[in-house]
Amino acid sequence: MSYDLVVWAGARPADGDALEELYEELMELQEDNDDDETPPNPRLVEFANALLERWPEMSAGGPWVVEPLIADAVGDLFPFGVQFEYAGEVAEYAAVLAEKHGLVLFDPQEM
């Protein structure tokens, strides 16, 4: 089991309810289009690369549940899992990076 985070390119909804609704719509759309091979938005790739600068893949005891980290990114949506022991540290850092890259970070555990 992992601690899941989702990042997407787009405007941040005005309130928490709209944010949750958009998250659910995006995840449903991704589920319906499992075979979608749209390359990830370049900003999402930059975001993932910035995470990997801090926590490289293939490092013993690293935070990533899936490698390559960007594996589940499609188009403007990038869901990724983190090992629980890294959840707080990665979520905090990812929030700063998402803002820096003009992305929306959502933590579904907070729903």
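In which sense do strand E1 and E3 pair, and over how many bridges? Strand E1 (residues 3–9) and E3 are antiparallel partners, joined over 4 bridges. Pairing requires at least two bridges found by DSSP between two strands. Strands (E, at least two residues) and helices (H or I, at least four) are DSSP runs, numbered from the N terminus.

The model is predicted: local features need pLDDT of at least 70, side-chain atom pairs count only at pLDDT 80 or more, and totals for chains, interfaces and linings use all residues. Residues are numbered from 1 along each chain as its sequence is written, and side-chain values use heavy atoms, without hydrogens and water.

The open sheet has 3 strands in the order E2-E1-E3, with antiparallel pairing. Strand E2 (77–82) and strand E3 (103–106) are at the edges with a single partner strand each, so one side of each lacks a neighbour in the sheet.

Helix H1 (residues 16–32) lies across E1, E2 and E3, at about 90° to E1. Angles run from 0 to 180 degrees between N-to-C directions; axes are lines fitted to C-alpha atoms, for helices over the stretch in contact. Contact means heavy atoms within 4.5 Å.

The largest nonpolar core has 26 residues. Such a core is a set of buried Ala, Val, Leu, Ile, Met, Phe, Trp, Tyr and Cys residues joined through side-chain atoms within 4.5 Å. Buried means under 20% relative accessible area, with a 1.4 Å probe and protein chains only. Phe47, Leu51, Trp64 and Phe80 have the most contacts inside this core. A second, separate core of 7 residues includes Trp8, Leu77, Val104 and Phe106.

Key: Buried means under 20% relative accessible area, exposed over 50%, partly exposed in between (1.4 Å probe, protein chains only).
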